[in-house]
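This report looks at one helix and at one protein–DNA contact surface. Please view the structure before reading on.

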There are 2 protein chains.
Amino acid sequence: MSSCDTCVVRNRAICAALDNKEIAALSAIGRRRKLEAGEPLIWEGDDSVLVANVIEGVLKLSTGTEDGREQIVGVVYPSDFIGRPFGATTRHSVTALTDANVCVFSRADFDGFASEHPALEHKLLQRTLSELDRTRHWMLLLGRKSATEKLATFLLDMSERLVQPGCESESGALESFELPFSRQQVADLLGLTIETVSRQFTQLKRDGIVELPSRRAVVIRDRATLEALAG
Amino acid sequence: MSSCDTCVVRNRAICAALDNKEIAALSAIGRRRKLEAGEPLIWEGDDSVLVANVIEGVLKLSTGTEDGREQIVGVVYPSDFIGRPFGATTRHSVTALTDANVCVFSRADFDGFASEHPALEHKLLQRTLSELDRTRHWMLLLGRKSATEKLATFLLDMSERLVQPGCESESGALESFELPFSRQQVADLLGLTIETVSRQFTQLKRDGIVELPSRRAVVIRDRATLEALAG
DNA sequence: CGACACGTTGATGTTAGTCAACTTTGGTGG
DNA sequence: CCACCAAAGTTGACTAACATCAACGTGTCG
């Protein structure tokens, strides 16, 4: 029996392009894999040997300089696609931020399957185009925004992206959520240092714009001001 | 007669996926358009009404904040694809940097055509995946590199990307080239100010690493050092 | 020849980075 | 259960890098 039958992202991942028979064929070349928080899935510079769908959890994509500076270049959520099909090498690492559950394929197998299923490639194309738009937009933050603007933008982005499918609030954005990032990871995402991130959090708290009930919890108290600060 | 017959990027653009009959059909829905340096093709936030292939020239993709700060988020060269198929709006502007020649399609027409030609979509997918990799890698520069590292990385990148197809030097990179950017545009690409860019150029010249025969001309004198500086 | 956009250079200011001490949190084992 | 420890986060003092403001070249095109 296909594990896809019970897959919670069956209708949101690129698999949604496939009918039951096709899904069975795809299922035959994929397998589930569990990852613990912090566990790497793919290393930067590796031959591109696997691709995957995220079923559960959050993972980061990152690159770094030789002397150890790191930049997070993407964050993936359930139903997102991971890896580099149709290409020889991977240009960034993939690491689980939370415990995660992914559906992995050998890249060669996936490439072959995708080439024979245009509907799947179409979904993947749409996703990739959206991701490119999002990534390009993030470049504005990295290149041109101040530390305050960066953190404000980040929190607003999180409040939108951490919404669970099905469990939507009326507005489509959360006022209260748990970050899947440590302070260091927030810094690596925003192109700042951990100290600067910490100071910006403290500032927002002091100004009554957010509450920080625990290390990773955030409550947005004054969204309007936060939006104004986001630039 | 199809203008594709004389198209210099016929075999490098995504059109290479199509046979002569298909090309004729694509040609029927596209038209050539000339752009002058500085002329915009698409505005940020516009409804996505057109897509295009670059035939000749260099164009920038850019976004900005409301208060006028700008970030260049991509640069496209002959044979590259422009625009946002399968999506309602465009998240960044497209502007010619040099006089340019593009082959434009209405987005709706292109979407329809692409959906019926999986080989075309496949090419587009490959291109989009590569562009995403490149864009993500650039995030490391924006988020984590110093001004010196940024300019060195930029010049090395240019020396590779400005190579004319067919006219390759032995190594595959140019020692001497003409930038398609003003100092301000270099600044917008690197997330710096024009003054900082200017100072970094002067520094590289003083150190004998590059020569600057004219405003936009660059000669790399000491590639090894430049690579070391790129971080 | 002169006007103007583009680029360079210098002086100064501000932001975020660095270095270091200290506090809080959460997990572990006595 | 609580004491202790390591890891994570915060805060402060200081510094460095880049931005800002302003003046001054320089090349280009009518």
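## What covers helix α5 of chain A

In this predicted model, the buried residues of α5(A) are covered by elements that include β5 (70-76), α3 (118-144), α4 (147-161) and α6 (194-206) of chain A. Chain B takes part as well, through its own α3 (118-144).

The helix spans residues 183-190 of chain A, and because 6 of its 8 residues are buried, it is largely enclosed by the rest of the structure. The buried residues are Q185(A), V186(A), A187(A), D188(A), L189(A) and L190(A). After α5(A) comes G191(A), which has a positive phi, near 70 degrees.

## The surface near DNA strand C

DNA strand C is surrounded by 16 residues. By class, 7 are charged, 7 polar and 2 nonpolar. The closest are A147(A), T196(A) and R199(A) from chain A, and S198(B) and T202(B) from chain B.

Two helices, α6 of chain A and α6 (194-206) of chain B, each supply at least two residues of this surface. The largest share, 4 residues, comes from α6(B).

## Contacts with the phosphates

Sugar or phosphate accounts for 62% of the atoms of DNA strand C within 4 Å of the protein, and bases make up the rest.

Both chains approach phosphate oxygens of DNA strand C. For A147(A), a backbone N or O atom is 2.7 Å from a phosphate oxygen. In chain B, a polar side-chain atom of R183(B) lies 2.9 Å from a phosphate oxygen of DNA strand C.

Key
Residues are numbered from 1 along each chain as its sequence is written. Chains are lettered from A and ligands numbered from 1 in the order in which they are written. This is a predicted model: local features need pLDDT of at least 70, side-chain atom pairs count only at pLDDT 80 or more; totals for chains, interfaces and linings use all residues. Side-chain values use heavy atoms; hydrogens and water are left out. Buried means under 20% relative accessible area, exposed over 50%, partly exposed in between (1.4 Å probe, protein chains only). Contact means heavy atoms within 4.5 Å. A residue is near a molecule or strand if one of its heavy atoms lies within 4 Å of it. A polar contact is a pair of N or O atoms within 3.5 Å; within protein, one must be able to donate a hydrogen and the other to accept it, and residues adjacent in sequence count only if both atoms are side-chain atoms. Ala, Val, Leu, Ile, Met, Phe, Trp, Tyr, Cys and Pro count as nonpolar, Asp, Glu, Lys and Arg as charged, and the others, Gly among them, as polar.
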